[in-house]
Amino acid sequence: MAEAIATNHATKEGREFFATSAGLATMDGLPISNETIATLKSMSIEHDGRSRQLTADMIANAALVLCMTQSHAEGVRHLAELNDQAADHIHVLCPDGKDLPDPIGQPQAVYDRLGERLATLIPGRVDGLLAADTAS
């Protein structure tokens with residue numbers, strides 16, 4: 001869902017960046033949930049994503065890594081074997097550091113609320129962090 005929303009934001013703004021989603025505890029190729037498809041469709045976003053296992057190479061090549069939770073951010077740092085200074089491109093999506101809940105197994109309304117939250121957070125967070133990175 002986050003990948004689709006970020007890509008949609010880039011397209012609407014005429015921005016050139018590539019967004020992808022990957023997980024610490026998934027298998028490659030699993031389809032996105034029907035609930036995710038329904039949420040995205042309600043936001044007029046078409047997306048046919050598949051799960052990807054996060055790799056150290058993906059992290060190393062990313063300009064920005066946004067995580068849903070603090071534990072995900074720690075897992076990403078550990079996978080990439082990065083200390084806090086080397087991992088300055090890894091952030092929690094919420095600027096206040098709060099975790100975003102995983103909606104798996106929850107009713108459609110939970111997915112919809114997460115989709116609304118992501119649509120609010122992603123544009124500002126991506127734009128702000130990428131702008132800060134190019135300024136430094």
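How far apart are the mean positions of the positive and negative charges of the chain? For the 10 positive and 19 negative charges, the mean positions lie 6 Å apart. Lys and Arg count as positive and Asp and Glu as negative, while His and the chain ends are not counted. Each charge is placed at NZ of Lys, CZ of Arg, CG of Asp or CD of Glu.

A word on the ground rules: this is a predicted model, in which local features need pLDDT of at least 70 and side-chain atom pairs count only at pLDDT 80 or more, whereas totals for chains, interfaces and linings use all residues. Residues are numbered from 1 along each chain as its sequence is written, and side-chain values use heavy atoms, with hydrogens and water left out.

**Overall build**

The chain has five helices and two strands, arranged along the sequence as α-α-α-β-α-β-α. With a radius of gyration (taken over C-alpha atoms) of 15 Å, close to the 14 Å that the globule rule gives for 136 residues, the chain is as compact as a globular protein of that length. That rule is 2.2 Å times the number of residues to the power 0.38. Helices (H or I, at least four residues) and strands (E, at least two) are DSSP runs, numbered from the N terminus.

Here are some values for the whole chain.

| Property | Value |
|---|---|
| C-alpha box along the principal axes | roughly 40 × 30 × 25 Å |
| Residues that count as buried | 32% of 136 residues |
| Accessible surface | about 8,400 Å² |

Buried means under 20% relative accessible area, exposed over 50%, and partly exposed in between (1.4 Å probe, protein chains only). Areas come from the Shrake-Rupley method with a 1.4 Å probe.

**Inside the chain**

A nonpolar core is a set of buried Ala, Val, Leu, Ile, Met, Phe, Trp, Tyr and Cys residues joined through side-chain atoms within 4.5 Å. The largest one has 17 residues, and M1, I5, L40, L93, L100, L118 and I122 touch the most other members. Both α1 (2-13) and α5 (108-135) supply at least two residues of this core, with α5 giving the most, seven residues. Leaving aside residues up to four places away in sequence, L40 touches M1, A4, I5, I45 and H47; contact means heavy atoms within 4.5 Å. A second, separate core of 10 residues includes L54, C67, A73 and V92.

**A loop residue**

S44 sits in the loop between α2 (34-42) and α3 (56-61). Its phi is near 60°, a positive value in a residue other than glycine. At 65% relative accessibility, S44 counts as exposed.
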